[in-house]
Amino acid sequence: MVNSPENPRQNPRHGLDLASFSAAGGEPVTWLISHAPVPYPDAVAAMEARVAAIAAGEAAELVWLLEHPPLYTSGTSGKESDLLDPRFPTFATGRGGQLTYHGPGQRVAYVMLDLKRRRPDVRAYVASLEELILRTLAAFNVRGERREDRVGVWVRRPDKGPEHEDKIAAIGVRLRRWVSFHGIAINVEPELSHFAGIIPCGVADPRYGVTSLVDLGQLVAMADVDIALRQAFEQLFGPTRALVPEAAV
């Protein structure tokens, strides 16, 4: 979900130009991978500082790939009743959406782009993040799909029953001065039982569960997902520049 200067209830869907966020002639987006788990408050503080610097023209755009320790986050539409078992710390966050889980085995990508310079269109931006996930999953022969009435990216699970689907990736976005932050989370190999402590994104229908690449039989490493993510990102948003050695955000 989106918390933005535009209508936060708008849902990005089909029919949008998804290939229009590449900034011609701009500086490559910095690509940073953190290999140790990053505490959520530290990540938010780093994003806040980086977004301010990007908006002021003092820092390059950034995509930050990381994992968090087990935790729950509650977006601007979060409900206390959706927290079923507070087994992990819960953090209120300014991104759109409701409750979600983050933890080891889940690739989180925090995307900090200057949309005012690229294209100030919230709906198209979120649709492009969805497309980023779809292309990344396709690299592992997994077909993700959008849904009009549910946030995130879903896969069909006929093996579980008629009309059953599982969520494999989440999206939560916030904009400040038209610079994006927060981003996406793809389930690579998280402990799926940890999702049972919440009603993920408020979706309580028993036909809809949670899955991961490994749960679907794709035995991929996080590094493989990172490569696929970067390739898909460059197709949609333009060139990147790896930050090596790893440095602070």
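In which strand does glutamate 165 lie?

Author: Glutamate 165 lies in strand 10, which covers residues 165–176. Before we look around it, two notes on reading the model. This is a predicted model, in which local features need pLDDT of at least 70 and side-chain atom pairs count only at pLDDT 80 or more, while totals for chains, interfaces and linings use all residues. Residues are numbered from 1 along each chain as its sequence is written, and side-chain values use heavy atoms, with hydrogens and water left out.

The protein's secondary structure comes to four helices and 13 strands (DSSP runs numbered from the N terminus, with H or I over at least four residues for helices and E over at least two for strands). Of the 249 residues in the protein, 53% are buried (under 20% relative accessible area; exposed is over 50% and partly exposed lies in between, using a 1.4 Å probe and protein chains only). Among contacts in the protein between residues at least 6 apart in sequence, 73% join residues at least 24 apart (a contact means heavy atoms within 4.5 Å).

Now to your residue. Glutamate 165 counts as buried because its relative accessibility is 8%. Leaving aside residues up to four places away in sequence, glutamate 165 touches Arg147, Arg150, Trp154, Val155, Arg156, Arg157, Arg207, Tyr208 and Gly209. With Arg150, the side chain of glutamate 165 forms a polar contact of 2.9 Å (a pair of N or O atoms within 3.5 Å; within protein, one must be able to donate a hydrogen and the other to accept it, and residues adjacent in sequence count only if both atoms are side-chain atoms). A side-chain polar contact of 2.9 Å likewise links glutamate 165 with arginine 147. Arginine 147 sits in strand 8, residues 145–147, and is buried because its relative accessible area is 15%.

Strand 9 spans residues 150–156, and valine 151 is found there. Valine 151 has a relative accessible area of 25%, so it is partly exposed.

Back in strand 10, have a look at isoleucine 168. Isoleucine 168 counts as buried, since its relative accessibility is 0%. Setting aside residues up to four places away in sequence, isoleucine 168 touches Leu137, Val142, Val153, Val155, Ala185, Ile186, Asn187, Thr211, Ser212, Leu213 and Leu216. Isoleucine 168 and valine 188 are 20 residues apart along the chain, with 8.4 Å between their C-alpha atoms.

Next comes the loop between strand 10 and strand 11 (179–187), where you will find arginine 177. Arginine 177 is not a glycine, although its phi is positive, at about 50°. With a relative accessible area of 60%, arginine 177 is exposed. Histidine 182, in strand 11, has a positive phi near 60° in a residue other than glycine. Histidine 182 is buried, with a relative accessible area of 3%.

One of the residues that isoleucine 168 touches, Leu137, leads us to helix 3, residues 122–138. At 1.5 Å a residue, the 17 residues of helix 3 should span 24 Å, and its end C-alpha atoms are 24 Å apart, which agrees (the expected span is 1.5 Å times one less than the number of residues). Helix 3 is mostly covered, with 14 of its 17 residues buried. At its start, a side-chain oxygen of aspartate 121 comes within 3.2 Å of the backbone nitrogen of arginine 123.

Helix 3 packs against helix 4 (residues 222–237) at an angle of about 140°, with their axes 9 Å apart. That makes helix 3 oblique to helix 4. Axes are lines fitted to C-alpha atoms, for helices over the stretch in contact, and angles run from 0 to 180 degrees between N-to-C directions. Angles under 35 degrees count as roughly parallel, over 145 as roughly antiparallel, 65 to 115 as roughly perpendicular and the rest as oblique. Among the residues of helix 3 that meet helix 4 are Tyr125, Leu129 and Leu132, and the helix 4 side includes Val225, Leu229 and Phe233.
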